[in-house]
Each structure stands twice: as C-alpha cells, then as structure tokens.
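User: I am new to this structure and would like to learn how to read its features. Please begin with the general idea and then turn to the case at hand.

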Amino acid sequence: MKQEDLEVAMKARLLQDIYSWLWDGKLPLEPYPASLRIMNVIRFLETNQISEVDKSAIQTFILAELNYLSQNLEYHLLANHLLENAFALWMGALYFKDAGWKKMGEKLLKEELEKQILPDGAHFELAPMYHQIILFRVLESFHLTSEQFPVKILLNEKAKLMLGWLKQMTFEDGSLPHFNDTTEGIAQSANELLSIGELLGIKAKKIKLKESGYRIFQIQNLRLIADVEGIKPSYQPGHAHADTFSFVLHEGMIPLIVDPGLSTYNISGRRDWERSTRAHNTLTIDEKNSSEVWAGFRVGRRAKVEIREDSEFQVEGIHDGFFPALHSRTFQIENSGISVIDEVSGEISPESQKVIRFYLHPTVQPERINTNSVRLTSSSHIQFSGADTIEFSSYDYCQGFNHLEKAQVIEVRLKEKSIKSLFINK
C-alpha cells in the first residue's frame with residue numbers, strides 16, 4: 001500500500017485479491033497479521049480517494065476480519081501480540097462506530113497498557129524496536145480518540161512516559177541500542193516519534209531508569225548504556241536474548257561498541273547465535289549461555305540477577321547463569337573514563353575458558369597500542385587490567401533483516417578471575 005509507483009486503483013484491486021484468498025481459505029487467518037492488516041487498510045482508506053464500489057468491498061472484508069479478531073484475541077501469546085490486537089480492535093471500532101467493539105477495545109487497551117508499560121516508561125519486553133512500534137500505536141490511538149473516551153487520558157500518560165524513556169535511550173546519532181530483538185528499518189525512528197509527540201502536544205516525561213533494567217553512564221564524550229536486567233517478562237520472553245550485563249558505547253555521534261542486533265526470525269543457527277550470550281558484550285564461561293534460549297522464541301533456564309549497588313556513578317550486579325560459577329559486573333564512572341569490572345566467583349574449573357567480547361561497529365577498526373590497550377578511534381581507547389590474551393576477529397553485524405555487514409570483535413581472555421576494562425576518551 002505504500003509502494004509509490006502503483007496507482008491507488010491498482011492497490012485497491014490487489015487488496016481485494018488478498019482478501020479473496022483469505023475469504024476462500026487459500027491464506028490462513030491469524031490474529032497478529034490480521035491486526036496489522038486492519039490498521040494498515042483503514043489508514044489506506046482514510047488517506048486515499050478510491051471508488052465507492054472498491055471502498056465498500058474492502059470495508060466488508062475489514063468488518064469480517066474485525067469480527068474474526070474480536071473472537072480470537074491472542075491471550076495465549078499475550079505481550080505485544082495482544083496489545084496489537086487491542087490497537088486494531090480500537091481503531092476498527094472507531095472507524096465503523098461499533099459500540100460493542102469500542103467497549104471491548106477500550107477495556108483491553110486499558111488492561112494491557114497498564115501491564116506492559118513499566119513505571120520508567122519502557123515497554124516490558126525491553127526491546128527498543130518493539131518500544132518504538134508500540135509507542136507509535138499509542139500516539140496514533142491518542143490522535144484518533146475523542147475526549148469522550150476515558151482511555152484518552154491513559155494514552156496521554158503512557159505516551160509521555162514512553163517518549164521520556166525513548167529520549168533517554170537515544171544516542172546523538174539518533175540510533176537506539178539493539179538490545180534483545182531490535183534492528184533498523186522496521187519501526188519509525190526515535191526522532192520521528194518525538195516529532196509526532198510534539199505535534200500532538202505530548203511532552204516527554206523523564207523518569208529515572210529503573211524497572212527496565214537499563215542504566216546510562218556518561219563522561220566527557222562517552223555514553224554507555226548497560227543492561228543489568230535478566231529475562232523479562234518472565235512469562236513471555238520470546239524477544240529476549242541471553243545478554244545479561246551487556247552494554248553499548250558511543251563516542252558522541254560515533255557508535256563504538258554495539259549489540260550485533262537482529263537479522264532473522266527464522267529458527268536457525270543464525271537466530272540461535274544472535275540470541276546467545278557469546279553474541280553480546282559480556283562474559284561467557286566455556287561458551288555457555290547465561291540463559292537457555294532455544295527454538296527461536298523460547299527461554300528455559302534463566303539467570304537470576306541481584307543488583308548489589310545502584311547509584312548515579314556505579315552499578316554492580318551479579319547473576320547465577322553459569323552456576324555453580326557466578327558472574328558479577330560493575331559499571332563505574334572514574335576520573336579517566338568509564339570502567340567495566342568483571343569477576344568470576346563460586347565453583348569453577350581451572351580449565352574453564354572465561355572470555356569477554358566487545359562487538360565493534362563496522363566503521364571502527366581497532367589497533368593495538370600495547371599488550372594491554374586497544375585504540376578504537378583517534379580519541380578513544382580501551383585499557384585492560386587482568387587480560388591473558390586480546391585478539392581481533394570478524395563477525396556479521398546486523399544492519400537490518402537479512403542485511404549483514406562485516407565488522408570486528410575484540411575477544412579478551414581472563415588471566416585469573418577478574419578483569420577491568422577502562423574506556424578512555426581524550
């Protein structure tokens with residue numbers, strides 16, 4: 001529908017062809033794609049001039065799809081799926097002025113927004129991409145909803161919180177960390193969403209990051225965002241990665257250390273790797289996952305995280321994902337930069353391989369300064385204390401779905417049971 005070189009009349013015919021396949025059972029109906037289709041087609045009808053015959057035919061199909069959706073809400077999946085159902089049902093109810101669907105949609109929106117938007121403004125699946133997707137739906141629903149509906153107040157409140165979280169998590173270059181299932185080219189950008197909020201008169205409300213498990217450290221031109229949370233939400237971890245204590249780092253507009261990101265949802269070795277601990281900027285022991293990710297969207301055993309200190313300048317956490325060994329990591333602001341201190345305690349074999357990886361953006365080409373230091377840019381470097389070996393290798397960075405680009409990763413093996421990595425910008 002957004003293909004600019006297609007005439008509107010052709011788009012209308014193609015829509016009817018798709019719906020005829022759904023009607024005849026050639027394409028299976030599923031609640032999630034039905035939700036997205038309902039919203040997209042209503043937008044199409046509202047923003048384009050098409051013949052009354054075509055419009056009437058398409059409306060008949062949307063009504064049938066809304067009726068199906070209202071009876072097949074995704075309570076078995078919950079999370080963003082159920083919230084997308086709610087947005088679609090609400091938009092459809094307003095468009096067709098259906099009292100029954102309005103009541104159902106408003107109730108579902110209230111329940112899920114209260115449940116899924118955390119007190120610090122994050123969407124509870126903790127993937128910035130899904131936060132962006134859901135935020136757009138909240139803003140759009142606010143715009144479509146008249147003052148007569150109480151849910152408009154809730155939409156305004158949640159939009160303020162979500163914009164505040166988004167603003168804090170956005171780097172100077174406009175990008176967000178690729179934590180969990182996040183990649184580029186799917187959701188509207190942070191700047192676009194912030195602009196939409198301004199147009200709607202919704203001001204971002206800054207809340208100190210807490211419940212989402214993300215923490216921000218900044219000194220001079222360095223900005224580090226750390227993930228000190230475990231797998232959340234516990235009952236629907238489909239978009240979670242085994243990335244406890246991972247982080248990303250930018251130098252002003254320049255991304256230095258990045259999350260490799262997301263390139264596929266196909267159940268495959270690639271999907272397994274992208275969700276694994278070894279694909280993140282944290283420590284692995286014998287290449288094991290800190291949480292058991294499997295089958296594309298499943299999590300079994302998961303790391304339990306304890307935050308031991310949580311202040312503006314220092315956060316220390318410990319997790320048992322490698323039990324009986326324990327991994328603690330401390331993020332700390334120092335006079336000379338930002339330090340990341342890793343310690344391994346508990347029972348661990350002397351032969352166990354303890355490795356920390358730092359995944360670099362494709363534009364960063366690391367250089368050795370000496371046996372304990374690596375230059376990232378002309379003004380930024382890492383200084384290691386407690387490293388056994390420091391090696392460079394290549395990996396595939398995810399620019400988007402099915403779009404990979406070669407980049408460098410620094411692999412550091414621990415000499416003993418602790419190591420300090422100090423990021424310095426001069």
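Analyst: Contact means heavy atoms within 4.5 Å. Ile62, leaving out residues up to four places away in sequence, touches Tyr19, Ile38, Val41, Ile42, Leu45 and Phe96. The model is predicted, with local features needing pLDDT of at least 70 and side-chain atom pairs counting only at pLDDT 80 or more, while totals for chains, interfaces and linings use all residues. Residues are numbered from 1 along each chain as its sequence is written, and side-chain values use heavy atoms, without hydrogens and water.

User: Which residues touch the most other members of the largest nonpolar core?

Analyst: A nonpolar core is a set of buried Ala, Val, Leu, Ile, Met, Phe, Trp, Tyr and Cys residues joined through side-chain atoms within 4.5 Å. Buried means under 20% relative accessible area, with a 1.4 Å probe and protein chains only. Here the largest core has 64 residues, and Ile62 and Leu113 touch the most other members. H4 gives the most to this core, twelve residues; helices (H or I, at least four residues) are DSSP runs numbered from the N terminus. A second, separate core of 37 residues includes Phe245, Leu249, Ala325 and Phe358.

User: Is Ser70 buried or exposed?

Analyst: Ser70 lies in helix H3 and counts as buried because its relative accessibility is 13%. Apart from neighbours within four places in sequence, Ser70 is in contact with Leu89, Trp101 and Met104. Its side chain also reaches the backbone oxygen of Asn67 at 2.7 Å.

Technical notes:
Buried < 20%, exposed > 50% of the residue type's maximum accessible area, 1.4 Å probe, protein only. Helix = DSSP H or I, 4+ residues; strand = E, 2+ residues; numbered from the N terminus. Polar contact = N/O pair within 3.5 Å; in protein donor to acceptor, adjacent residues only side chain to side chain.
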